[in-house]
Amino acid sequence: MNEAARKVTTVSESVYDVVIIGSGPGGYVAAVRAGQLGMRAAIVESGAMGGVCLNVGCIPTKALLHSADLLEEVKEGKRFGVNVGEISFDLAGAMKHKDGVVKASTDGVNYLMKKNKIEVVAGRGTLAGRGQVHVKLNDGGERTLAAKQIIVATGARPRPSPASSSTARACSHPPICSI
Ligand SMILES: Cc1cc2nc3c(=O)[nH]c(=O)nc-3n(C[C@H](O)[C@H](O)[C@H](O)COP(=O)(O)OP(=O)(O)OC[C@H]3O[C@@H](n4cnc5c(N)ncnc54)[C@H](O)[C@@H]3O)c2cc1C
């Protein structure tokens with residue numbers, strides 16, 4: 001069998017106690033708890049570990065807000081008797097700080113997966129019948145995971161309204177977090 005043919009072969013795995021689809025706060029916390037309870041668990045994630053919250057939601061927006069707050073405070077410094085030199089905003093610096101905070105958070109999730117012996121499967125999971133999760137692996141190929149329990153924690157996506165999609169200014173959170 002050549003390499004390409006081997007990659008699309010569906011491999012039936014041994015049974016997991018639980019397979020979780022999605023590694024956002026809903027999914028990774030469930031995975032950690034499953035590990036703590038001694039369950040054999042796998043988590044399937046098609047994108048970055050940590051989901052919206054850690055990568056393009058709660059965490060990066062708060063890091064960017066902190067930079068903006070700091071700028072405002074420094075601008076107001078004189079009123080409080082704090083004199084500073086010329087003030088400027090370094091967007092690249094703020095983004096670099098945000099990237100560092102995101103990396104520390106997602107590294108933390110990866111560490112928790114290792115610590116709790118959760119298998120991370122990088123790919124897009126779909127329900128494939130009772131107790132079966134089919135995964136289209138990100139690096140090619142497929143896997144079928146057999147599970148006693150399945151948790152679907154795939155989050156939500158923004159749905160542009162006809163009104164917002166007609167304006168060039170309409171923009172959702174992923175692009176904002178990578179300006
Ligand atoms: C800009 C912004 C700021 C926010 N700020 C806050 C805040 O300050 N505080 C707060 O509490 N909440 C905040 N939120 C909300 C928070 O991000 C969400 O409530 C949280 O991320 C939901 O977690 P979740 O696990 O349900 O889903 P998600 O975080 O969306 O994770 C779902 C994951 O599933 C993966 N996935 C989806 N389908 C599949 C599939 N078929 N196979 C494999 N993987 C799949 C996705 O890639 C994703 O990683 C904010 C949201 C946004 C957009």
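Guide: Leaving out residues up to four places away in sequence, Val 44 touches Val 19, Ile 20, Ile 21, Val 121, Gly 123, Gly 125, Val 133 and Val 135; two residues are in contact if their C-beta atoms, placed from the backbone, lie within 7 Å. The model is predicted: local features need pLDDT of at least 70, side-chain atom pairs count only at pLDDT 80 or more, and totals for chains, interfaces and linings use all residues. Residues are numbered from 1 along each chain as its sequence is written.

Val 44 also belongs to the largest nonpolar core, which has 24 residues; Val 19, Ile 20, Ala 41, Ala 42, Ile 43 and Val 44 touch the most other members. Such a core is a set of buried Ala, Val, Leu, Ile, Met, Phe, Trp, Tyr and Cys residues joined through C-beta atoms within 7 Å. A residue is buried if 20 or more other C-beta atoms, placed from the backbone, lie within 10 Å of its own, exposed if 12 or fewer, and partly exposed in between. At least two core residues come from each of β1 (12–21), α2, β2, α5 (91–115), β4 (132–137) and β5 (142–152), and β1 gives the largest share, five residues. Helices (H or I, at least four residues) and strands (E, at least two) are DSSP runs, numbered from the N terminus. In soluble globular proteins, nonpolar side chains tend to be buried together.

Gly 123, one of the residues touched by Val 44, has Leu 137 in β4 as its bridge partner. Strands β3 and β4 run antiparallel and are joined by five bridges, where pairing requires that DSSP find at least two bridges between two strands. These two strands form a hairpin with four residues between them, and Gly 129 in the turn has a positive phi of about 100°. Strand β4 in turn pairs with β5 in the antiparallel sense over five bridges. Lys 136 has Glu 142 in β5 as its bridge partner. Four residues also lie between the strands of the β4 and β5 hairpin, in which Gly 140 takes a positive phi near 95°.

Ile 59 counts as buried because 20 other C-beta atoms lie within 10 Å. Beyond its neighbours within four places in sequence, Ile 59 is in contact with Cys 53, Leu 54, Val 101, Val 102 and Ser 105. The C-alpha atoms of Ile 59 and Ser 105 are separated by 8.1 Å, although the two residues are 46 apart along the chain.
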